[in-house]
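Good morning, and thank you for coming. Please have the structure open before you.

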Amino acid sequence: MTERLYYTDSHIKSFTARVLSCEQTEKGFAVTLDRTAFFPEGGGQLGDSGYIAQVRVFDTHEKNGEVLHYVNQALTVGEQYDCKIDWEQRYRRMQNHSGEHIVSGLVNKRYGYSNVGFHMGSDAVTIDFDGFISPEQLAELENEANRRVFADLKITTSFPSSEELNKLDYRSKLELTENVRIVEIEDTDVCACCAPHVYSTAEVGIIKFLSCERRRRGGDGVRISMLCGLDAYEHLAQIYENNAAVSVMLSAKRDNTAAAVERLLSEQEKQKGRIAELSREIARQRAETIEQTEGNICIFDSVLDEPSLREIVNSAVEKCTGIAAVFSGDDQLGYKYIIGSKHVDLKKAAKSLNEGINGRGGGKSEMIQGSCAETAENITKFLINWTV
Ligand SMILES: [Zn+2]
């Protein structure tokens, strides 16, 4: 039987242990040790990785009550080795996991909701609750959770007797009455959990909620995404840097960038309206210069918007006996076209026209629209003499 060092001290980073067994499996060699600080996956926390001597432990799992360390290379049974876990990774997980206890404990105390799903992903920790939490409640909850962090509350563990357990009110109540490990955070949470946690809430550092969304399944519940400790710090630092860059670009104070962006967007809306107006005005002027033509009209443009181009086409169809085509774009990126006619059924002619200008598109008998990948020179050559 393996002595589980992480039960007595969650902060053991290295230790020596003797190999009890080493068996080849589909996943590599599964090694058991006489003592271990490697935590096998459980309680929502992933299994540890690290080293046994120079041999990489890429995962740790529990199977039939045994802690299995997965390695790529066989180790000698009976031999004693220096072992080391990937501490940085483990510590971040413990910070996130312990933060989850604080939040779940508070939600349970305040609203009576249960944590019905917990996942530690690479971008965020998510907790599913079986009740609704409003944005106001969420803000309060985050504030209170962080106050519990700063209060430096002890996080303790115990294995109560079945009698004590029966009397105990705790989260994740199990059917089992023996070997149930209880994790307690002073005045905040009591929960059955097998994973390692930090010594005190202060080590969680910070708890930052990222989002709270209604869960799609499972009734009126929510999913809170959050980060704690170093993960939260790095995430916030990145967002701060991003905001600082926006603040420089907009010459706005760092705590006022949203208002500056709002002003920018409203200015942009105004400018869009002004551009549309100018575009329409240019179109009207251009339309006036179109001369009465026998045959087809072919016009190129690179600045006007679509409604303006349509206006030109509408004027041009009145002044020709064939088709009136307007192209916007350039030879490199290709052109968008609008073609109109009062004399040709364009719905029928679309195929022939598209073939001639290497284009695609269609529409009604009076007007078709599309795009083409042909040079202005070739388009003009083809269209000027085109007839049904
Ligand atoms: Zn836990």
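Let me begin with helix H7, where the buried residues are Ser308, Leu309, Glu311, Ile312, Val313, Ala316 and Val317. Please keep in mind that this is a predicted model.

E16, E17 and E18 belong to an open sheet of five strands, whose order is E16-E17-E18-E20-E19 and whose pairing is mixed. At the edges stand E16 and E19, each of which pairs on one side only. From one strand to the next, the twist averages 20 degrees. E16 and E17 run parallel and are joined by five bridges. Within that pair, Ile299 has Val326 in E17 as its bridge partner.

Two further helices belong to this part of the picture. H8 packs on the sheet and touches E18, E19 and strand E20 (367–372), with its direction at about 170 degrees to that of E19. Helix H9, residues 376–384, lies across E16, E17 and E20 and runs at about 160 degrees to E16.

Between H8 (346–357) and strand E19 (359–363) there is a loop, and Asn358 lies in it. Its phi is near 55 degrees, a positive value in a residue other than glycine. For context, most residues other than glycine have a negative phi. Is Asn358 buried, exposed or partly exposed? It counts as partly exposed, because it has 15 C-beta neighbours inside 10 Å.

Asn64 is not a glycine either, yet it has a positive phi of about 50 degrees. Asn64 lies in the loop between strand E6 (55–63) and strand E7 (66–71). Here the residue is exposed, since 5 other C-beta atoms lie within 10 Å.

I turn next to another sheet. This one is open, has four strands in the order E9-E10-E15-E14, and shows antiparallel pairing. Its edge strands are E9 (115–120) and E14 (207–214), each pairing on one side only. Neighbouring strands of this sheet are turned by 20 degrees against each other on average, direction ignored. E14 and strand E15, residues 222–228, run antiparallel and are joined by seven bridges. Lys208 stands opposite Leu227 in E15. Helix H5, residues 229–250, packs on this sheet, where it touches E14 and E15; its direction makes about 90 degrees with that of E15.

Ile85 is found in strand E8, residues 80–85. Why is Ile85 called buried? The reason is that 23 other C-beta atoms lie within 10 Å of its own, and a residue counts as buried when 20 or more do so. Setting aside neighbours within four places in sequence, Ile85 is in contact with Lys13, Ala37, Phe38, Asp48, Gly50 and Arg90. The C-alpha atoms of Ile85 and Arg56 are separated by 9.8 Å, and these two residues are 29 apart along the chain.

Let me close with the chain as a whole. Its secondary structure comes to nine helices and 20 strands. The radius of gyration is 35 Å, well over the 21 Å that the globule rule gives for 388 residues, so the chain is more spread out than a compact globule. Along its principal axes, the C-alpha trace spans about 100 × 50 × 40 Å.

How is the chain divided into domains? An automatic or database assignment gives domain 1 (3–85), domain 2 (91–237) and domain 3 (275–384). The centres of domain 1 and domain 3, taken over C-alpha atoms, are separated by 73 Å.

Two percentages complete the overview. Buried residues make up 29% of the 388 residues in the chain. Among contacts between residues at least 6 apart in sequence, 59% join residues at least 24 apart. Thank you for your attention.

Key: Residues are numbered from 1 along each chain as its sequence is written. This is a predicted model: local features need pLDDT of at least 70, side-chain atom pairs count only at pLDDT 80 or more; totals for chains, interfaces and linings use all residues. A residue is buried if 20 or more other C-beta atoms lie within 10 Å of its own, exposed if 12 or fewer, and partly exposed in between; C-beta atoms are placed from the backbone. Helices (H or I, at least four residues) and strands (E, at least two) are DSSP runs, numbered from the N terminus. Two strands pair if DSSP finds at least two bridges between them. Axes are lines fitted to C-alpha atoms, for helices over the stretch in contact, and angles run from 0 to 180 degrees between N-to-C directions. Two residues are in contact if their C-beta atoms, placed from the backbone, lie within 7 Å. The radius of gyration is taken over C-alpha atoms; the globule rule is 2.2 Å times the number of residues to the power 0.38.
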